[in-house]
Each structure stands twice: as structure tokens, then as C-alpha cells.
Amino acid sequence: MDEGTDARDVLENKLLPLRRGYIGVVNRSQKDIDGKKDIKAALEAERKFFLSHPGYRHIADKMGTPRLQQVLNQQLTNHIRDTLPAFRSKLQAQLLALDKEAEEYRGYRPDDPSRKTKQLLQMVQQFSVDFEKRIEGSGDQVDTVELSGGAKINRIFHERFPFELVKMECDDKEMRREISYAIKNIHGIRTGLFTPDMAFEAIVKKQIVKLKEPSIKCVDMVIQELINTVRQCSNKLECFPRLREETERIVTSHIRDRESRAKDQVLLLIDLQLSYINTNHEDFIGFASAQQRSSQTNKSQSSAGNQVIRKGWLTINNISIIKGGAKEYWFVLTAESLSWFKDDEEKEKKYMLPLDNLKVRDVEKSFMSSKHIFSIFNTESRNVYKDNRTLELACDSQDDVDSWKSSLLRAGVYPEKTTT
């Protein structure tokens, strides 16, 4: 401290009170260290300082390094006295548990069949528990890198399956042409007055049949994820290769058996819909209801304008090297537009792209790139972004691409129809 100042209020525990108070010490200065002043002489100088200083003279017996040592030793002693009984009882309990476990192994025989059976059952039971936890989502080791187990199955149902359904959406012009031919063929030589029910059923059933392929594909994706989960759970059995192999074989064959039954059930459900169309059901939309619902849908779409559907990082892949090359931006997808910002604070907006007349197209992954790419283009052959006809967006994994395509689908940006 500077000359003429003191820390009396602090040391008397008045300024910033502490439960155990303060103890002042005088350390050697750099000058003392350079002058080879030893510790004994420094302690003596410290003692004289507190006794002679007018601000500290009355508390000199409570100051200094020896006093600090004494107080700290007392604190340590008190702490040991407080914690030792509980520590001792904990150690005794552990010792008793170890003694009990050791007693079990005193008459241990490695070839004892009962012990082998018990161990086998425990491992199989643990496999079962691990599998259930991975599907239910309450595992002790949560994967923070990618989706797995139940989460992936959830994504299959809520993102991949709706996407597959939309991909099979029919062409309006083709549909009208089919309806026209169906009506004429059913009327035959007669010029019909009313639209025949048979024409309606023929067209509707043709659309319902299309549900079979994406539904079966959904089952296949779920089955594949279940088998992947089985392999992950069997990793704990790797010390016993034959047990692991047999466990995987039995469980996988059971899943395959259930797969064929599930597919039969799915196809049966679709066949049920094909067998009879109940036009009296309250969910059935007649002509008047269809017009009314169409106008309501348009109103609800216009009112949902700025609803945020998704946010996340994407790389714009097709920026030329002259303009800085591929760069990562924070994207915000709403019901009306796709915007991107410099970062996730969303302060500096780079561009906003309206979703009108936009579609999504798959882009093959290039040999040199580790990224997975999809592109957005305008159906009226206009530039989408500055001088670019398409906006190529890149993700780290195919799952991310599928997820973004599903989100765009919710915003009304459909995939490009591919003719096979």
C-alpha cells in the first residue's frame, strides 16, 4: 500500500464482513528478495510492523503469518474431525460389501454351468434394456452427433414419409384427361347427363393404389433403423463373438418376420380403402364443400404468412470463387419466404427469396466435396439468386438434406417431378 494508507476497516471486518474475518500479512517486497532478506528476518519485520503501526497496534496479536498458519491448521483440523466419522462408516460399508462379494468367489469354479448361465442371462437382459432405451429415448449415453434409434424412426414418420407421399402427387392436366376418358368410356354410346359414380371410383382408386409404394418404403426404412439399433446394442457383447452373432441373428430374423406381417397389414389397410368408398362419411368432401374448403385454405394460408417453419445453417454452394466462393449462412424458412443472414443473431440480412414458383431438385454429390447438395429453382426459368438460375444449398449429411426438403415441402416448395 502507499505511504499514509491503512486497511484498518477491512482487517477489523467492518468494510466487507466475512464470517471468519481477515488476517493481514506482510510479504517480502522485490527489494527484500533482491537483498537476500531471509524468511526469519521477514517474519520479525512483519511482527514489528504490526506492533508499531498506529492503525494495527490494537489487533497485532490477530495479524501476521504465524497467526494465519495457526487459524488454517485449526480449520483443517475441524474439517477432518467433521468428515472423518462419515468417511470411516462409508469405508466400512464398502469393505463389508467387498467381503461379501469375495465370499462368493471363494468356492469359485470357472466351469460352473450355473455361473455361466447367470452371466449369459444378465448380458441378454442388458441387451434388451439397451434396445428399449434407444427406441424409447431414455438411454444413459445420449448421442450428440447424429439421430439414432427412436428419434430416427420418428423423423421417418414425420418427415421422410410425407415427403415420399408428395413425390407421387399427380399432374392436374393428366388427371383431368383421365377423368374425361373415364366418363366417356363409361357412358359408351350414350351422351351422359350426370357424372357417373364408376368414373369417380375408377380415378380415386387409381390414386389410392399409389399409396402402397411409399407406405412399404416407410416400413423398409423403419426396419433398417431397427436392425442398425440391434447392431449398436450388441457392441457390449463383442467379448463373446459367437454370442453376439447369434443374438443379432435371432433378433434380426424376428424383426424380418414382423416386417412381412407389417407390410401385409399396411397393404390390407389400403385394400380396405379400395374396396368401398363411403361418400356419406362426414370427412368426404362433396362439390360444394370442396369449394368452401378451398376458399378457407387460401384464407388460412394468407393469414399464416410469416410463420417460421425452420431455422438452421446451410452452405450456399454455387457462389463463384471471384465473389468469395461457397459460404455458410443462417437460413430462416417461413410460409412465404426463404431468408439468410450473416449469423444466427439475425441482425444482418443477406437476401430474402419469395417461395412463389419455386421447386426443389436433387443434385449429385461431387467427387471432391464431402457435402450433400440440393438446389432450388424457379419453374418460370427466372434467376433465383442474383445471376444464378439455381440456388445450390449444401448440408453435412443426407439426413439434413431430407429434413430441409421436408421443411420446404411444408412451406409449399415441392420436389421436381422426375419421369422414369
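Author: One term to begin with: a salt bridge is a side-chain nitrogen of Lys or Arg within 4 Å of a carboxyl oxygen of Asp or Glu. Also keep in mind that this is a predicted model.

Reader: Fine. How many salt bridges does the structure hold?
Author: There are 24 salt bridges in the structure.

Reader: What lets such side chains pair?
Author: Side chains of opposite charge can pair when their charged atoms come close.

Reader: Give me a case. Where does the salt bridge partner of E346 sit, and how far apart are the two in the chain?
Author: E346 meets K311 in a salt bridge, with 3.0 Å from N to O. The pair links distant parts of the chain: E346 is in the loop between β3 and β4, while K311 is in strand β1, 35 residues away.

Reader: Which residues are linked in a network of salt bridges?
Author: D220, R256, E259 and K263.

Reader: Changing topic. What about the inside: how many residues has the largest nonpolar core?
Author: It has 25 residues, and F331, L391 and L393 have the most contacts inside it. Seven elements are listed as giving two or more residues: β1 (308-316), β2 (327-334), β3 (337-341), β5 (358-363), β6 (372-378), β7 (390-395) and α12 (398-410).

Reader: What does L393 touch, away from its sequence neighbours?
Author: Leaving aside neighbours within four places in sequence, L393 is in contact with L314, T315, I316, F331, L338, H372, I373, F374 and I376. Apart from this core lies another, of 13 residues, including F127, I153, C218 and V230.

Reader: Back to β3. How many of its residues are buried?
Author: Five of its five. S337, S339 and F341 point one way from β3, and L338 and W340 point the other way.

Reader: Why the two directions?
Author: Because in a regular strand the side chains alternate between the two faces of the sheet.

Reader: Which strands does β3 pair with?
Author: β2 and β3 run antiparallel and are joined by four bridges. A hairpin of two residues connects them. On β4 (residues 349-354), five bridges join it to β3, again antiparallel. F341 in β3 stands opposite W330, and F341 also stands opposite K349 in β4.

Reader: Now the surface. Which residues form a nonpolar patch there?
Author: L76, I80, L84, F87 and L91, with about 460 Å² of accessible area together. L76 lies in helix α4 (residues 65-104), and it counts as partly exposed because its relative accessible area is 47%.

Reader: Last one: what is F200 in contact with?
Author: I277, T279 and F284, leaving aside neighbours within four places in sequence. F200 lies in helix α8 (residues 197-209). Its C-alpha atom is 7.7 Å from that of I179, 21 residues apart along the chain. At 34% relative accessibility, F200 is partly exposed.

Definitions and conventions
Residues are numbered from 1 along each chain as its sequence is written. This is a predicted model: local features need pLDDT of at least 70, side-chain atom pairs count only at pLDDT 80 or more; totals for chains, interfaces and linings use all residues. Side-chain values use heavy atoms; hydrogens and water are left out. A nonpolar core is a set of buried Ala, Val, Leu, Ile, Met, Phe, Trp, Tyr and Cys residues joined through side-chain atoms within 4.5 Å. Buried means under 20% relative accessible area, exposed over 50%, partly exposed in between (1.4 Å probe, protein chains only). Contact means heavy atoms within 4.5 Å. Two strands pair if DSSP finds at least two bridges between them. Patches are made of residues with over 30% relative accessible area and no salt bridge: like charges are joined within 9 Å, nonpolar side chains (Val, Leu, Ile, Met, Phe, Trp, Tyr) within 5 Å. Accessible areas come from the Shrake-Rupley method with a 1.4 Å probe; for residues, only the protein chains shown count as cover.
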